Amino acid sequence: MPGRILKKVNCGICPSACRIDTYVENGKIASIEGKLCSKGAASRQYVYNKERILYPMKQTGEKGNGRFERISWGEAYGIIADRLLEIRESYGAQSAVFYAGYPKWYRPALLRLSNAYGSPNFCTESSTCFQAAALAWRSTFGNQICFPDMAHTNTLLIWSNNLYHSNTAMAGTYQRLKDRGVKIIAVDPRVTPTTRKADIHLRLFPGTDGALALSMAYVILTEKLYDKSFVEKYVYGFKEYEKYVHKFPPKRAQEITGVDKKLIRKAARLYAGSGPAGILVSPSPVVHHVNGVQNYRAVHCLIALTGNYDTLGGNCPNAEEASPCNEFGKVKRFNGIEAIGERDFPVWFDLSCEEAQCTKLADYIMEEKPYPLKALTGFGFSHRMWPQPERLQEALKKLDFFVNVDLFFSDSCRMADIILPAATSFEREEICIRPGGVFSLSEKAVEPLGEARNDIEIIIGMLKAMKLKDDVLKQGYEAYMDYILKPSGLSLDMLRQSPEGLRGKVCIPPRFRSYETEGFSTPSGKIEFVSQILERYRESHGYSGLPWYRDFREVPGIDRKKYPLILNTGSRKPQYFHARTYRIPYLAALEDATLIEMNPADIKKYGLREGRKAVVTSPAGSMEGIIRSSVNILEGIVHIYHGNKNGDANELLDKDYLDPISGFPGFKSYFCQVEGKEQP
Ligand SMILES: Nc1nc2c(c(=O)[nH]1)N[C@H]1C(S)=C(S)[C@@H](COP(=O)(O)OP(=O)(O)OC[C@H]3O[C@@H](n4cnc5c(=O)[nH]c(N)nc54)[C@H](O)[C@@H]3O)O[C@H]1N2
Ligand SMILES: Nc1nc2c(c(=O)[nH]1)N[C@H]1C(S)=C(S)[C@@H](COP(=O)(O)OP(=O)(O)OC[C@H]3O[C@@H](n4cnc5c(=O)[nH]c(N)nc54)[C@H](O)[C@@H]3O)O[C@H]1N2
Ligand SMILES: [Mo]
């Protein structure tokens, strides 16, 4: 069609970052085409949403009243620089927190800003996502999480991923594995499109993953299916682990997990006996529990036990080729001063997480521990991510200064002194690094709405306004992109010429089985079934070096008669992305309200009715929603998606119900009751 220009834009709504055909007419997005999911298909309503922030704004009157007036970018930068520098002068750099929500692309730049300011308190949404899984892995193997080598695997153990809803780009890979005849074991309390295709589905109660993994280890050990020579040579703490594993015969594991003991045996035999076998770990469901890190350590131990570490088809370091680039994972956090979370969660810091742990942010603000926090610079800060979000929202009032940069006027923006408009991925360029060493460019399709700017430009603007020193950022956005690309041999201009992608120089993958000569980067130099780093905190924090199983149902102080049901929140739905998609009319129309999903037997047992309003209460709070019946859900469990301000599951979660090692909230195994609400 004449006048229509095609631009290739990477969708910025979810991490799949699918490439969308974007047709532009008269400077506006006229249509979105290609292979689209429900979120992608709603992109125009995302960009042209009535809640978009269009200009820098400052709050007038009392904080939280929601009245803002438009100001210029110059005035906004002026206020930000004055306030942040004053606060540094009066209270020290540590009193300012720099925070990034889910979006990842601007994080290294924000970390640079935080470093240049001198604060140790750079933190992100990873205080509730992925890092606990990484920590569990590192405490065992010492390196970065090793993903399964899918191309050569014979058996794949999918430990709680629902690819069809959370990572659609990988759903195709899954289907190809099936076509190749790879055997699949899926661990998940629910029936999902992923578990339906599995050869074995281990349908455990949420939060009991550790007991299941230890029981699989029991079968593998007692049936002598383990790799004895690998274990003898490379594992530290095996004898202690073996003794501990003997507490979990399948009969006992069945009582704890609800999984049939015969199925546990069958799965253990398949995983250990039909190798090479890989385990696909997931970023959140296994670690959203009060025993999350230890449960995942129990899972990870299976890889070493069966000799599936660093073997073709097993879990391999750098199974995929990557291109070298600067920044991601290479900028180190300023750590001259104690960071927030360091006293509560020391292992988080020992295992080199490049950020602070901020799940207890509300407490740290309210109680001024370990010192007063005065300023928050948020890029996509949404208090709906945290347990008891209303308490965090209250805590924000106590800050002297809060600036939030977002696409939308979120509830958190209401608490800010200044809000700044960010550009969507359709309104900016972004470099994308894909497996196989390919760099591509997400093209800018349209000019930013109003006066929105891209996040990195905003960060650079703040840096300059405060006259802070950072040799890389100070050169500006384009030079920064070139700096990121430099090791790959590519440049921003080259990508502009070939946005579809160019192959950069490829990293030399680590030598196969380098551990044979170099050992593992753990304190013992071996794979630690007994983690020496965890052991260090036995006295002070009560950690165990073993992958200790602690059942959340034994948490003291919960009245189980009052709260007989188990609350599991946030299992990904194709149409939602945390708190941000409820404002999109197409997507919001798919569900009338927050759904309280339960097994039909429970609906009957508790006198509820499908489609009717109900109230969920927990020891921490209550919320309302609509009952939805689903046979895919186990009896005794209530599933609720999070992030909806009109019925927010996080209001049910106790702020102190955390994994003591990682600080991750027990989002997926808390306690509740559901009661019907009288119809008006
Ligand atoms: N559409 C969409 N996609 C997303 C997101 C989104 O919000 N929407 N969020 C992104 C983010 S931030 C993340 S972290 C990933 C998460 O990605 P996934 O880990 O794949 O996501 P979930 O759907 O939360 O969990 C997967 C499965 O774990 C199961 N599960 C729940 N509790 C337990 C448990 O205790 N043990 C075990 N073994 N399984 C359990 C659930 O039933 C679910 O089917 O998704 C990403 N992708
Ligand atoms: N109950 C419960 N709570 C959970 C979870 C759960 O499973 N259950 N999952 C947890 C997990 S794994 C995660 S990752 C977190 C996610 O929690 P958040 O990181 O809070 O997730 P979002 O709502 O996607 O994004 C936060 C904000 O970023 C804004 N944003 C989007 N794109 C941009 C951008 O390009 N620039 C800027 N500046 N802002 C942008 C959005 O509009 C939104 O206001 O939630 C956690 N909370
Ligand atoms: Mo996440």
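Predicted model: local features only at pLDDT ≥ 70, side-chain atom pairs only at ≥ 80, totals over all residues.
Residues are numbered from 1 along each chain as its sequence is written, chains are lettered from A and ligands numbered from 1 in written order, and side-chain values use heavy atoms, without hydrogens and water.

Along the principal axes, the C-alpha atoms fill a box of roughly 70 × 65 × 60 Å. The chain has 25 helices and 25 strands. These are DSSP runs numbered from the N terminus (helices H or I, at least four residues; strands E, at least two). Buried residues make up 59% of the 680. Buried means under 20% relative accessible area, exposed over 50%, and partly exposed in between (1.4 Å probe, protein chains only). The chain exposes about 26,600 Å², by the Shrake-Rupley method with a 1.4 Å probe. Carbon and sulfur atoms supply 50% of that area. Among contacts (heavy atoms within 4.5 Å) with a separation of 6 or more, 72% join residues 24 or more positions apart.

The largest nonpolar core has 108 residues. Such a core is a set of buried Ala, Val, Leu, Ile, Met, Phe, Trp, Tyr and Cys residues joined through side-chain atoms within 4.5 Å. W159, M216, Y241, Y271 and L305 have the most contacts inside it. Helix α9 (residues 209–222) gives this core its largest share, 10 residues. Apart from it lies another core of 71 residues, among them A100, I458, L485 and L587. Not counting residues up to four places away in sequence, the residues that L305 touches include A217, I220, L221, Y241 and F529.

Helix α3 (residues 73–91) has 19 residues and should span 27 Å at 1.5 Å a residue; its end C-alpha atoms are 27 Å apart, which agrees. The expected span is 1.5 Å times one less than the number of residues. Its buried residues are W73, A76, Y77, I80, A81, L84 and I87. Seen down the axis of α3, they fall within an arc of 140°, so they line one face of the helix. The arc is that of the directions from the helix axis to the C-beta atoms. G74, E89 and S90 are exposed on the other side of α3. Cover for the buried residues includes α4 (107–117), β13 (375–379) and α18 (455–465). G92 follows α3, with a positive phi near 95°.
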